[in-house]
Amino acid sequence: MGKQQVQQYLGQLDIRKSIVGLATGATAVYLLYKAVRAGMKCQLPLSTASPTCIARLAIERERHGRDSGELRRLLNSLERKQDEYSRSMILHSITRCVYLLEAEASACTAEDIMLVGSMLDDKDNSVKTQALNTLKAFSGFRKFRLKIQEHSIKVLELLSTIWDSELHMAGLRLLNSLPLPDFAHPQLRRVMPALIEILQSDYILAQVQALRLLSSLAQKNDLLYDILNCQVHSNFLNLFRATQPGSLLFEALVFAERLSEGRHTPHYRAVQWHYNERSLHEALFGDGSRLADRLLALVIHPEEEVQIQACKVIVSLQCPQGSAAQLSSCCKISPSYFNDGE
């Protein structure tokens, strides 16, 4: 084979390689195009409605005065069989709609509340949590509150049987948004140790919500002893350390004040109560309690509302039968006194 023929043969090979490469590249581009087009055509699940889209619907409704139908569409989709992730995301979108599409939310029915409440029995914790958030959103409407209250026993059961910080947060927020009915008191007694345990967890948002609920329950005569006799950890008073976040300290001090006031009421003092040695009562009010030391440190806390609340607890401990005027006087003097000394 001559030199010229070899060069021609090599040239033909190069052309074939180029053609094969071009064909391969074209095929890859075509497949990529099909994939992208398929992705564009594929609609996201109903549950992935973005906050921006829902906000836009709210603006459009305000402008044109007509319902978007989005909330009803989401509720209808919740009735159909969905996987856990889809149910969770649909509930998340319903919650946003309730907050942003007020007129559409107000038009919902008791059956819609029951549908959302049925999600509390779901086996997936994230679905339960989102259902609690949705019920909390609906609780902003007075017409739904009695129906939502019917789920209070179930919510308390979830708080006491599932150790999940997000679920605790959602459940406690819901309970704090509603007046708890008297029929829930027996269940409250059973779950009180769980509420105290949540209070001693490391999740500050749940701790704050637990304190708010317990402060409210401490004002119920038939629940006060159950709270005070709950067992607490040996380091419970760390809750009152000055290094804690101000929001947590404030709620802890309100709780302590409620307990201090409650134990000195004539109704409570009429009975000779007995507490176990590791009880909340002993940690706060027992002979070996160091609560007074914590309170004195908090009187000079940087946040004024913490200073004032610490003063209120001190007064409730020292003069439980004192008048409201005495209490007010003490709490007005203390912050200015310490500010002048700086």
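Predicted model: local features only at pLDDT ≥ 70, side-chain atom pairs only at ≥ 80, totals over all residues.
Residues are numbered from 1 along each chain as its sequence is written, and side-chain values use heavy atoms, with hydrogens and water left out.

Back to the pair. Helix α14 covers residues 246-263 and helix α18 covers residues 304-318; their axes come within 9 Å and cross at roughly 20°. The axes here are lines fitted to C-alpha atoms, for helices over the stretch in contact, and the angles run from 0 to 180 degrees between N-to-C directions. Helices are DSSP runs of H or I with at least four residues, strands are runs of E with at least two, and both are numbered from the N terminus. The crossing of α14 and α18 is left-handed, meaning that the near helix is turned anticlockwise from the far one by less than a right angle; clockwise would be right-handed.

Which residues of α14 and α18 make the contact? On the α14 side they are Gly246, Leu249, Phe250, Leu253, Val254, Ala256, Glu257 and Ser260. On the α18 side they are Glu305, Val306, Gln309, Ala310, Lys312, Val313, Ser316 and Leu317. Contact means heavy atoms within 4.5 Å. By class, the contact of α14 with α18 has nine nonpolar, four polar and three charged residues. For those classes, Ala, Val, Leu, Ile, Met, Phe, Trp, Tyr, Cys and Pro count as nonpolar, Asp, Glu, Lys and Arg as charged, and the others, Gly among them, as polar.

Now the chain as a whole. It has 19 helices and zero strands. Of its 342 residues, 41% are buried, where buried means under 20% relative accessible area, exposed means over 50%, and partly exposed is in between, with a 1.4 Å probe and protein chains only. Among contacts with a separation of 6 or more, 73% join residues 24 or more positions apart.

Next, the core. The largest nonpolar core has 84 residues, and Phe138, Phe236, Phe240 and Leu259 touch the most other members. A nonpolar core is a set of buried Ala, Val, Leu, Ile, Met, Phe, Trp, Tyr and Cys residues joined through side-chain atoms within 4.5 Å. Not counting residues up to four places away in sequence, Phe240 touches Leu249, Ala252, Leu253, Ala256, Leu284, Leu291, Arg294 and Leu298.

Helix α9, residues 152-161, packs against helix α10, residues 165-176, at an angle of about 150°, with the axes 10 Å apart. The pair α9 and α10 is therefore roughly antiparallel. The crossing of α9 with α10 is left-handed. From α9 the contact takes Ser152, Val155, Leu156, Leu158 and Leu159, and from α10 it takes Leu167, His168, Gly171, Leu172, Leu174 and Leu175. That contact of α9 with α10 has eight nonpolar, three polar and no charged residues.

Helix α3, residues 70-79, and helix α6, residues 110-118, pack at about 50°, their axes 11 Å apart. That angle makes α3 oblique to α6. Arg72, Leu75, Leu78 and Glu79 of α3 meet Asp112, Leu115 and Val116 of α6. The contact of α3 with α6 divides into four nonpolar, no polar and three charged residues.

Last, a few single residues. Cys97 sits in helix α4, residues 84-100, and is buried at 0% relative accessible area. Arg142, in helix α8, counts as exposed at 67% relative accessibility.

Gln200 lies in the loop between α11 and α12 and counts as buried at 16%. Leaving aside neighbours within four places in sequence, Gln200 is in contact with Gln207, Gln231, Val232, His233 and Phe236.

Technical notes: Parallel < 35°, antiparallel > 145°, perpendicular 65-115°, else oblique.
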